[in-house]
Structure formats: C-alpha cells, structure tokens
Amino acid sequence: MQLSQSYTLPSGVELKNRILMAPMTNFLSNDDGSVSLKELDYYARRSGGVGAVITACANVNAQGKGFEGEIGVDRDELIPGLRKLAASIHEQGSKAILQIYHGGRMCPPHLVPHNEPVSASAIAPEREGAVTPRALTEEEIEQTIIDFGEAARRAIKAGFDGVEIHGANTYLLQQFFSPHSNRRKDQWGGNVRNRMNFPLAVIETVIKKVTAHADKPFVVGYRLSPEERENPGITMEDTLQFIDVLTDQNLDYLHISLSQFHQSSMRDDHSTRPVINQIVERAGQKVPVMGVGSLYTPNEVEEALETVPLVSLGRELLIEPDWMQKIQSGDSIRTKMPKAPGEDILIPEPMWTKIMSVPNWIPVEK
C-alpha cells in the first residue's frame, strides 16, 4: 500500500509513511500556554502509527492567542513543556511538527491584550457578533515576523522535527493575503503579489532561524486555504499565483486545508475540477503537496495518494487512534465516533464536549 511507504521531504527528514496527523485545536493546554499532562496523553495516544504528528496551533505572541487552552510558543519559559510534548510523540515512534500561528482578527477579545484583536486592516470578519480589529502598525508587523522566527527557534530547542506555518483557516497570514481583510496601501497590501509579502517574510525569517539553530534537517511546511467565500475574497487564481511563489521558498510541503479532499471551487459553480488537482499541477515537482479532508478508510486514503504524496488525517485519528496500526495488522477500523469518550479513544475534557457540540463535524455512532 502506498500509505505505508516511507517518504523523504526536501529537507532530508524521512517519514516512515505518508500519513500525518492533521493539526486540530484541542483546548487542552494550561491557561498560561504551557503543555498539560492531559495534552501529553492525548498526543501520545495518537502517535506511533503515523509518520508525523502536526500539533494544534501554538500562538507566537500574546496578541495571537485564538483559543482557550491553546499551546503557547511565545516565551522561552514554555520550552520545557514543549520539550515534553515533542518527546511524548517521539517515544511512540512518530516525528513531531509544531504548528505556529497567529489568530489575527479571529482572536476572541478576552484572550488578547487590551481586548483588542489585530489584523492587516480594520475590517471585521463577516460573522455574527464579529469585532472590528485594529490594523497592525508597520512596527507591529515587523515584530510579528520576528515572533514567528523566535517560535521556530523555540521549537528547535524543544526537540521538534519541524514547524508548520499556519497560513490557513482565516487566521492572520491568510488575512494578509486576503483582499477582504487586507485593504492596506503600503508594502503589505494592494495587489495580489503585495498581499503575499507578509507570509513570505514569515517564511523567510523562519527558514533563517532554522539555518542558524538546527543542527540536523528540520521541516518547514506551510498550510493554506485556497479560497474564501467573501467578496472580495481569495480566489483560485490568487492561490495559483501564490503557489507559483511558494514553490520557490525552500518549503518541505504545502498543506492544503479542505473540508473535502476532492472538493471543487466554493466560489465558481461552473468549475468541477478538484481544487487539490489544480494545486498539485501548479506545484509540479517543486514542493510536495499534502491533502486532507474527510478521508476515513484505507481505500479513500489510497485513492487520495494517487493525487498527492502525503495525506493528513484529523477526525479519523480522533475516532480511531490506532488507524495505521490496525491497517498493518488487518484489524477492522472504526469510522464513527462512539457516543461516550472511552479509555481507548482518550479525548479529554474540554475537548470531547467541544468537538461533539459541533453539528455534523464528526460522524457519530447511532
């Protein structure tokens, strides 16, 4: 099976197979951003079978905290806990990748300094009850770029095998690329190429920190969402232009955030070609593309691997932590979540209540 084959990333890091655990918010860290014992158990339970675990997002500064119970990577004092997290994944036999992140205008006001979310521009999200953010100053933009680099340094010091820069799912890097949230007239906004400048500066700084501090191959990936529903919003043409530039940034992979792996455009009803196919074609052989989205069975994953070299699994690893191990042993795989959080599932509170409260997000046994 393709999914069991090893894969070597451009940096030289070898994954023992082509399946990664997708980053999923777990709400399990302590209030100060330090890693909790519950979090260590949760990740250890899902490590071992997959080639690598990509953690939930970790905020790179206090202004970027987007969730209760979010991992922090914004202070050196958090490195010991992060080291335990990387070790808990390594001990089971998987690589550990820390997703680094800033929530921008999506941060709840009560979680950020002065109750004041920030973004590229003072434009509120098109969501009920959304707060209008304050536009970041030039100095704050430069500092945030530095903060991403420092987050990568801390990840290296904590023993992670890589970082994934979170440029998807409506958060700050996407906000700079989006014509909806970015109305700036300076070097950080304007046409589609100028709207790439902030994420490209983040990538450049992260890679410089890796070069300076890593004493072995270290993964740098980038996650993006290909489109937005808003008008104006990110279009496939915008994203394909972005892909052209991203493929020259010495990245290890592009992680394409989709709800359905084979979905077509959410903006163009006349386009029936899967988004992931368009991106793979544009990326060519320059950078590996990782796909994700409602893949539950080995056959579905094998089919996806005909298109992309790497697949990340999210909800299926919540439902079936031993997904890879059961494939290798020939045991049957559960594809629906039990109604109660059994010991074999190991999804601690408050994560269990939060994921089960989202209608239709995860298939549940009747």
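# Reading a predicted fold

Guide: Start with serine 265, which counts as buried because its relative accessibility is 11%. The cut-off for buried is under 20%. Keep in mind throughout that this is a predicted model.

Visitor: Where is serine 265 found?

Guide: Serine 265 sits in the loop between strand 11 (253-256) and helix 7 (275-283).

Visitor: What does the side chain of serine 265 make a polar contact with?

Guide: The serine 265 side chain makes a polar contact with the side chain of glutamate 227, at 2.6 Å. The serine 265 side chain also reaches a backbone atom, the nitrogen of arginine 267, at 3.0 Å. Setting aside neighbours within four places in sequence, the contacts of serine 265 are Glu227, Ser271 and Val275.

Visitor: Threonine 247 is also in a loop. Which elements does that loop lie between?

Guide: Threonine 247 lies between helix 6 and strand 11. With a relative accessibility of 10%, threonine 247 counts as buried. The side chain of threonine 247 reaches the backbone oxygen of aspartate 244 at 3.0 Å. Beyond four places in sequence, threonine 247 is in contact with Ala283, Lys286 and Val287.

Visitor: How far apart in space are threonine 247 and arginine 282?

Guide: Their C-alpha atoms are 9.1 Å apart, while 35 residues separate threonine 247 from arginine 282 in sequence.

Visitor: Next, strands. How should I read one?

Guide: In a regular strand, side chains alternate between the two faces of the sheet. Strand 4 (residues 52-59) is mostly covered, with eight of its eight residues buried.

Visitor: Which strand does strand 4 join through six bridges?

Guide: That is strand 6 (residues 95-101), which runs parallel to strand 4. Within this pairing, valine 53 stands opposite alanine 96 of strand 6. Strand 3 (residues 19-21) also pairs with strand 4 in the parallel sense, over two bridges. There, methionine 21 has valine 53 of strand 4 as its bridge partner. Strand 5 (residues 71-72) is parallel to strand 4 as well and is joined to it by two bridges. Asparagine 59 stands opposite glycine 72 in strand 5.

Visitor: And a helix?

Guide: An α-helix has 3.6 residues a turn, so residues three or four places apart point the same way. Take helix 5 (residues 197-213) as the case: it has 17 residues and spans 24 Å from first C-alpha to last, close to the expected 24 Å.

Visitor: Which residues of helix 5 are buried?

Guide: The buried residues are Phe198, Pro199, Leu200, Ala201, Val202, Ile203, Thr205, Val206 and Val210. The elements covering them include strand 6, helix 3, strand 9 (162-167), helix 4 (172-177), strand 10 (219-224) and helix 6 (236-246).

Visitor: How many residues does the largest nonpolar core have?

Guide: The largest nonpolar core has 96 residues, and Ile100, Val206 and Tyr222 have the most contacts inside it. A second, separate core has twelve residues, among them Leu9, Val13, Ala52 and Met290.

Visitor: How many salt bridges are there in the whole structure?

Guide: A search finds 17. When reading one, look at the distance, then at where each partner lies. Aspartate 322 and arginine 45 meet through their side chains in a salt bridge, 2.9 Å from N to O. Aspartate 322 lies in the loop between helix 9 (315-319) and helix 10 (323-329) and arginine 45 in helix 1 (residues 37-46), so this pair ties together parts 277 residues apart in sequence. Aspartate 322 is partly exposed at 21% relative accessibility.

Visitor: What does arginine 153 form a salt bridge with?

Guide: Its partner is aspartate 76, with the closest N and O atoms 2.8 Å apart. Arginine 153 belongs to helix 3 (residues 138-157) and aspartate 76 to the loop between strand 5 and helix 2 (79-90), so the pair ties together parts that are 77 residues apart in sequence. Arginine 153 is buried at a relative accessible area of 14%, whereas aspartate 76 is partly exposed at 40%.

Visitor: Is glutamate 320 buried or exposed?

Guide: Glutamate 320 is buried, with a relative accessible area of 1%. Glutamate 320 forms a salt bridge with lysine 326, the closest N and O atoms being 3.1 Å apart. Lysine 326 is partly exposed at 22%. Elsewhere, salt bridges with shared partners join Asp76, Glu150, Arg153, Arg154 and Lys209 into one network.

Key: Residues numbered from 1 in each chain as written. Predicted model: local features only at pLDDT ≥ 70, side-chain atom pairs only at ≥ 80, totals over all residues. Heavy atoms only, no water. Buried < 20%, exposed > 50% of the residue type's maximum accessible area, 1.4 Å probe, protein only. Helix = DSSP H or I, 4+ residues; strand = E, 2+ residues; numbered from the N terminus. Pairing = 2+ DSSP bridges. Salt bridge = Lys/Arg side-chain N within 4 Å of Asp/Glu carboxyl O. Core = buried A, V, L, I, M, F, W, Y, C linked by side-chain atoms within 4.5 Å. Polar contact = N/O pair within 3.5 Å; in protein donor to acceptor, adjacent residues only side chain to side chain. Contact = heavy atoms within 4.5 Å. Expected span 1.5 Å × (residues − 1).
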